[in-house]
Amino acid sequence: MGMPRRAWLYPRIQEPSARLYRWTKASWKRIRERFNRLTVTQRVQKTSRKAPSAQPFRGSSPLAHLQEQAQKPAAARESIRLSIAEVPDTPDSEYHSKGGRATFKLIFSSPLDSLRDTTFDLTPYASEERYRFINCDSFINDRTLQIYETTTLPTNPDFYSAISYVWFGLSASPSDLEKAGSFRVYCGTRSDGTPREDGGPISMQVLEFACFYSSKYSASYLWLDRLCILQTSKRDKLWQIGRMFEIYEGCQECVVLPGGLQRLASVFDETSWADRAWTYQEAIITWEYAVVLTSDWHRPKGEQHWLVDGECHWKYLQELFLEGGDLLAPLVAEVRSPDTSNPDPKPRLLLGRNGAALDTLRRIMEYKAYNHMCEEGEEVVSEYQIRQLLLQGVQMRVSSRPVDMVFSILGLVGAEEDFSQRLGEFGENERLRATLALVETIFRHEPEVEEEAENSSTLLDVPLWKTLEPTNPAHLPSLRELTMILDTDAAAHQATETWILTTKNLPRWEYNVALTEEEPERRAKAVVQVIPETELMSVYHGEQEHVTFKDEEEGVIQLCRTLDYGKGPKSEEQLLEALSDHVVFGWSLRMEGHPYIRFYKLDISHLFQ
């Protein structure tokens, strides 16, 4: 199998500002040549670490064995109690981790024939707060699901791949699932006793394709959240969420299944991959080494890359984003609908129809690609600008748990370690409260622009996911009141001391990420200079919980000592440490166009000199 073409690396970087990119034609040619050379070298290194298997599958086709089993009477395949094979007392294997060599223990092993049409529960065999992986070679060659467990994440360069998919993907017909073989995963029950959503059946064919790609080009093990997280344990889920960035950052390759786990998606299928919060982080982390598996492809035969001829096609994710927008707007001359009398092409919505989310993700990938190819001393896209895009892009997506809109980007903004012990503090619907805590964490850990900078003031813009209609825009509610309004399922009309709000879902997403403040430090420093010292010090010393100030350019700003008001009581040592940090925070609501909150970090150290 040849390497993918690299013509798609022709720079299509959307200019973040005319001030940043003033390249001549010769400059762009030099950039293109250097970027193509570096990326090809990296990809060769990644895909050549492990030689492809000569005979990865048994039988005439990858699933010949399973298809034969499908012909057996249903009674012979009824649900049975799964039992683990005897595990030896000695470690099964060793591997490299951050702490040195670590052990890798087999905790579950079952033939795929025994798994067919059953509901699988890993709870009796696994320990909480452990990393787990599927053995790809056993799945492919021995027709056995083997799951291993370890206390530390492997750091071997070719140890494991990870899967990115949507929990509720495309549905497969009962006959297709019967032919391919499938099983479900038990996800426990809710507090009222009703079963939790398990995401539907897992096709053995889809899982086998993922194992095949991993084993052939990448690594011997595979990470899949449905099987590698204890779905019945809240403690294990929170532990895994706190390490999600680390898991995807450490994988050798990321296998993207836009259609989910029931069947491979066609290029002409519409999926919800671009709508989901967790796939956002997974794509950004693994943008250099993510591969998309589909059941077909729309390009000419010479530009196709089949994992299994006619059944499973692969394509690098960054190619889909950097080669152009043809997956959203196909050329009429390329592909037409089955009705030849209809000149309209079949839409290609493999990643979804959320154009705003895809455009933002594309922009982030382009900025990262550009920074990656820049040499030392060259001007790059600022980390502030990329971080703004990260915060804005996730708001365009959805999750069954609103708080996951925050949890899903912790690693991207460098807050995973700070939040790892706090994930249990937030309820499933407390999206805004978690956002406030995240913004303050970013502000407090943000390095100064220059080592000897005299002022560390800055700001961040976070678009809202609902509209707010105040009766008195000249006043602001407190953060507690705003959180109550946006994070609860109470009536649409919420009353505060100064506001009466009506909250509605956004009819469409209209936030323009291109309008991001380009000089946040300068803008925030100008704000702090016009606020009276008495008001800043009053908030800093806690004499008032919040103070409202009206700025001519910024509008009404509410000053407060902390954005993370929901954090538990602080010890005396923590209070002293907080007072040594000479900052106050502020926020304002912007109602023009798409509503958003502007958060301020205001450095008041000049008042203590």
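## Three-stranded sheet

S182 stands opposite S203 in β8. The two strands concerned, β7 (residues 182-185) and β8, run antiparallel and are joined by two bridges. They belong to an open sheet of three strands, ordered β3-β7-β8, in which the pairing is mixed. At its edges are β3 (119-120) and β8 (202-203), each of which pairs on one side only. The model is a predicted one.

D117, in the loop between α3 (112-115) and β3, has phi near 60°. E129, in the loop between β3 and β4, has a positive phi of about 60°. D117 is partly exposed, with a relative accessibility of 34%. E129 is also partly exposed, and its relative accessible area is 26%.

## Overall composition

The protein contains 20 helices and 21 strands. Of its 609 residues, 55% are buried. Taking contacts between residues at least 6 apart in sequence, 73% join residues at least 24 apart.

## Five-stranded sheet

An open sheet of five strands has the order β14-β21-β20-β19-β18, and its pairing is antiparallel. The edge positions are taken by β14 (458-463) and β18 (546-551); each has a single partner strand, so one side of each has no neighbour in the sheet. From one strand to the next, the twist averages 25°.

Strand β14 is joined to β21 (residues 596-603) by six bridges, and the two run antiparallel. Within this pair, L460 stands opposite F599 in β21. Helix α18 (residues 520-530) packs on the sheet and touches β14, β18, β19 (555-560) and β21. The direction of α18 makes about 70° with that of β21.

How many of the five residues of strand β13 are buried? Five of the five residues of β13 (residues 312-316) are buried, so the strand is largely enclosed by the rest of the structure. In a regular strand the side chains alternate between the two faces of the sheet. Here C312, W314 and Y316 lie on one side of β13, H313 and K315 lie on the other, and all are buried, so that both faces are covered.

Strand β11 (residues 290-294) pairs with β13 in the antiparallel sense over four bridges; in this pairing, V291 has Y316 as its bridge partner. Strand β12 (residues 306-308) also pairs with β13 in the antiparallel sense, over two bridges, and W306 has H313 as its bridge partner. The hairpin of β12 and β13 has three residues between the strands, and G310 there takes a positive phi near 80°.

## Largest pocket

The largest pocket has a volume of about 1100 Å³. Its lining is made up of 37 residues, and those nearest its centre are Q231, K237, S400, R401 and D404. By class, the lining comprises 17 nonpolar, nine polar and 11 charged residues.

Several elements each supply at least two residues of this lining: β6 (160-165), α8 (234-241), α9 (244-250), α10 (277-285) and α14 (404-407).

## Helices α8 and α14

Which residues of α8 are buried? They are D236, L238, W239, Q240 and I241. The cover over the buried residues of α8 includes β4 (131-135), α7 (225-228), α9, α10, α14 and α15 (416-419).

V406 lies in helix α14. Is V406 buried or exposed? V406 counts as buried because its relative accessibility is 3%, and the limit for buried is under 20%. Leaving aside neighbours within four places in sequence, V406 is in contact with R431, A434, T435 and L438. One of these, L438, is 32 residues from V406 along the chain, and the C-alpha atoms of the two are separated by 7.6 Å.

Terms used. Residues numbered from 1 in each chain as written. Heavy atoms only, no water. Pairing = 2+ DSSP bridges. Axes fitted to C-alpha atoms, helices over the stretch in contact; angles between N-to-C directions. Contact = heavy atoms within 4.5 Å. 1 Å grid on protein atoms, 1.4 Å probe; cavity = no way out; pocket = protein on both sides within 12 Å on 5 of 7 lines; lining within 4 Å. Points joined across faces, edges and corners; volume = space filled by probe spheres on them. Nonpolar A, V, L, I, M, F, W, Y, C, P; charged D, E, K, R; others polar. Buried < 20%, exposed > 50% of the residue type's maximum accessible area, 1.4 Å probe, protein only.
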